[in-house]
Amino acid sequence: PPNLSLKPFYGIMINGDDGKYIYSGLRKDINISDNIYITPSFALGYYDQENSKDLGYDLEFRSQLEFAYQFKNMNRVALSINHISNASLGEQNPGVESAVISYIRVF
């Protein structure tokens, strides 16, 4: 039977214009074959604009879909796409998208 548990996660994103996004949320690993996983996640966090793009509000929501290959040592290499926006809490809501390649190491 599939594992239906949600797992907490947290992170920080920093861009070249000193913008920072600190977030926490829940994710769900969906194993689609022996070594392949799809992981949807949702988080909320604080956005510190600095000299970066104005996202319209300090509270921003992040939704992500990750596709990963898991090695025998449990580490993973992944491609993810995410969207960050304020869900129209601010006067403007331009949102931002990212595509990221990650190496995820198990501790």
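**View 1. At 40% relative accessibility, Asp-18 counts as partly exposed.** Here buried means under 20% relative accessible area and exposed over 50%, with partly exposed in between (1.4 Å probe, protein chains only). The model is predicted: local features need pLDDT of at least 70 and side-chain atom pairs count only at pLDDT 80 or more, while totals for chains, interfaces and linings use all residues. Residues are numbered from 1 along each chain as its sequence is written, and side-chain values use heavy atoms, with hydrogens and water left out. Asp-18 is found in the loop between S1 and S2. Its phi is near 65°, a positive value in a residue other than glycine. Most residues other than glycine have a negative phi.

**View 2. Strands S1 and S2 form a hairpin with 5 residues between them.** Strands are DSSP runs (E, at least two residues), as are helices (H or I, at least four), and they are numbered from the N terminus. S1 covers residues 7–14 and runs antiparallel to S2, to which 8 bridges join it. Two strands are taken to pair if DSSP finds at least two bridges between them. Which residue of S2 is the bridge partner of Gly-11? The partner is Tyr-23. The turn of this hairpin holds Asp-18 with its positive phi. In a regular strand the side chains alternate between the two faces of the sheet.

View 3. Glu-50 counts as partly exposed because its relative accessibility is 45%.

**View 4. The largest nonpolar core has 7 residues.** These are Phe-9, Tyr-21, Tyr-23, Ala-43, Tyr-47, Leu-55 and Ile-84. Such a core is a set of buried Ala, Val, Leu, Ile, Met, Phe, Trp, Tyr and Cys residues joined through side-chain atoms within 4.5 Å. Strand S2 (20–27) and strand S4 (36–48) are the elements that give two or more residues to the core. What does Ile-84 touch, not counting residues up to four places away in sequence? Among its contacts are Tyr-21 and Leu-55, together with Met-13, Phe-61 and Val-96. Glu-60, Arg-62 and Gly-95 are also touched by Ile-84. Contact means heavy atoms within 4.5 Å.

**View 5. Asp-29, Lys-7, Arg-27 and Arg-76 are linked in a network of salt bridges.** A salt bridge is a side-chain nitrogen of Lys or Arg within 4 Å of a carboxyl oxygen of Asp or Glu, and by this rule the count comes to 3. Side chains of opposite charge can pair when their charged atoms come close. The salt bridge between Asp-29 and Lys-7 has an N to O distance of 3.6 Å. This pair links distant parts of the chain, 22 residues apart: Asp-29 in the loop between S2 and strand S3 (30–31), and Lys-7 in strand S1. Arg-27 meets Asp-29 at 3.0 Å, N to O. Between Asp-29 and Arg-76, the closest N and O atoms are 3.2 Å apart. Buried or exposed: which word describes Asp-29 and Arg-76? Both are buried; for Asp-29 the relative accessibility is 14%. Lys-7, at 33% relative accessibility, counts as partly exposed, and so does Arg-27, at 26%.

**View 6. Nine named side chains form a nonpolar patch on the surface: Ile-30, Ile-32, Ile-36, Tyr-69, Phe-71, Val-77, Leu-79, Ile-101 and Tyr-103.** Together they have about 840 Å² of accessible area, from the Shrake-Rupley method with a 1.4 Å probe, where for residues only the protein chains shown count as cover. Patches are made of residues with over 30% relative accessible area and no salt bridge; like charges are joined within 9 Å, and nonpolar side chains (Val, Leu, Ile, Met, Phe, Trp, Tyr) within 5 Å. Strand S6 (76–85) and strand S7 (96–104) are the elements that give two or more residues to the patch. Ile-101 is found in S7 and counts as exposed because its relative accessibility is 72%.

**View 7. Phe-71 is found in the loop between strand S5 (59–70) and S6.** At 33% relative accessibility, Phe-71 counts as partly exposed. Leaving aside neighbours within four places in sequence, Phe-71 is in contact with Arg-76, Val-77 and Tyr-103. Its C-alpha atom is separated by 28 Å from that of Ile-22, 49 residues apart along the chain.
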